[in-house]
Amino acid sequence: LAATALVNIFWKEISEAHTQKNNALVKHLYQKTIRFLFFIGACFSGCLIPWSEEIVILLFGSAYAEGSTALAIMLLYPIHRSFYQLTLIYLLAVGHTKIHLKYSAIFFGIGIPISYLVQADKESFALGQDMGAVGMALKIIFLQILEANLLHWWITKNNKWEFDWFFQLFSMGAALCIGYISYEMTMAINFHFMENLVVKFMLSLFIFIILVSGCSNEKPDIFGFDSMSLAKEEADIYLMGEDEYEK
């Protein structure tokens, strides 16, 4: 939802900066937006993953509790999905539609045999893994991460930028750790009114927001938040142009 809301603005700004050959502004807008949306997705996943079992039991009953593993894995999907969407929008905005087509075709071809391998019965096929829903969830997440990062690598290489990957590990790691810390802190409280699952989740969410806010204040650049210096830098790039700004 966040990626969809920003698509038109992102497309317009990237396309305009690219037309003006302002590579510094293109880089700044691309990195800032990618990091911000990645952080939003990581927070969504980090907050909900510890509650996977409770969500499954609440919606479908305790008989389906084993499905919580597949749900937890699939809750990672929004993180790199928004990342992947923005790389595609960037390619379309600067006219590299062939790269989009090539990568999509390659991963579509790869996905079919991998799906078969993770689902095939071990007894009927030598390489079959018979992993069921968990196998399909892992396959989807793995290919999503791989495709998003390959496109990101191509974009950075084509523009002669550094390959920016550390923010992914930091955002995911921080969000997941904070999510589990919030969950464990909530479960450790034994007050009578805390027996309600909704109350527990709301308290966990409150703790999560506080801890994430503190973390983002310490490392705003990694999460795509503008500080005053970055805002001034962006204004200078707009006014001076890339060549003059670099001088």
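**Group meeting: a walk through an all-helix model**

L59 sits in helix α3. I'm calling helices from DSSP runs, H or I with at least four residues, with strands as E runs of at least two, all numbered from the N terminus.

Quick housekeeping. This is a predicted model, so local features need pLDDT of at least 70 and side-chain atom pairs count only at pLDDT 80 or more, while totals for chains, interfaces and linings use all residues. Residues are numbered from 1 along each chain as its sequence is written, and side-chain values use heavy atoms, with hydrogens and water left out.

Back to L59. Together with L58, F60, Y64 and L197, L59 makes a nonpolar surface patch of about 580 Å². For patches, residues need over 30% relative accessible area and no salt bridge; like charges are joined within 9 Å, and nonpolar side chains (Val, Leu, Ile, Met, Phe, Trp, Tyr) within 5 Å. Areas come from the Shrake-Rupley method with a 1.4 Å probe, and for residues only the protein chains shown count as cover. Helix α3 gives the most to that patch, with three residues.

OK, the overall picture. The protein has 11 helices and zero strands. Of its 247 residues, 42% count as buried. The protein exposes about 14,000 Å², and carbon and sulfur atoms supply 66% of that. If you take contacts (heavy atoms within 4.5 Å) with a separation of 6 or more, residues 24 or more positions apart account for 70% of them.

Now the inside. In general, nonpolar side chains in soluble globular proteins tend to be buried together. By a nonpolar core I mean a set of buried Ala, Val, Leu, Ile, Met, Phe, Trp, Tyr and Cys residues joined through side-chain atoms within 4.5 Å. Here the largest one has 35 residues, and I14, Y30 and Y90 have the most contacts inside it. Helices α1, α2, α5, α6, α7 and α8 each supply at least two residues of this core, and α5 gives the most, with nine.

So what does Y30 touch, leaving out residues up to four places away in sequence? The list is F10, I14, F83, T87, Y90, H152, I155 and W161. There's also a second, separate core of eight residues, and C43, I178, V212 and C215 are included in it.

Buried residues in α8 include F167, M172, I178 and Y183. The buried residues of α8 pack against α2, α3, α5, α7 and α9.

On to charges. How many salt bridges does a search of the whole structure find? Four, counting a side-chain nitrogen of Lys or Arg within 4 Å of a carboxyl oxygen of Asp or Glu. One of them joins D164 and R35, at 2.8 Å from N to O. D164 lies in the loop between α7 and α8 and R35 in helix α2, so this pair ties together parts that are 129 residues apart in sequence. Are these two buried or exposed? D164 is buried at 11% relative accessible area, and R35 also counts as buried, at 17%.

Salt bridges that share partners also join K12, E13 and E16 into one network. The K12 to E13 bridge is 3.8 Å, and the K12 to E16 bridge is 3.5 Å. E16 and K12 are four residues apart in helix α1, which means about one helical turn separates them. Both glutamates are partly exposed: E13 at 22% and E16 at 35%.

Last stop, backbone angles. Most residues other than glycine have a negative phi. K21 has a positive phi, near 60 degrees; K21 is in the loop between α1 and α2 and is exposed, with a relative accessible area of 72%. K160 also has a positive phi near 60 degrees. That lysine, K160, lies in the loop between α7 and α8 and is exposed at 78%.

Conventions
Buried < 20%, exposed > 50% of the residue type's maximum accessible area, 1.4 Å probe, protein only.
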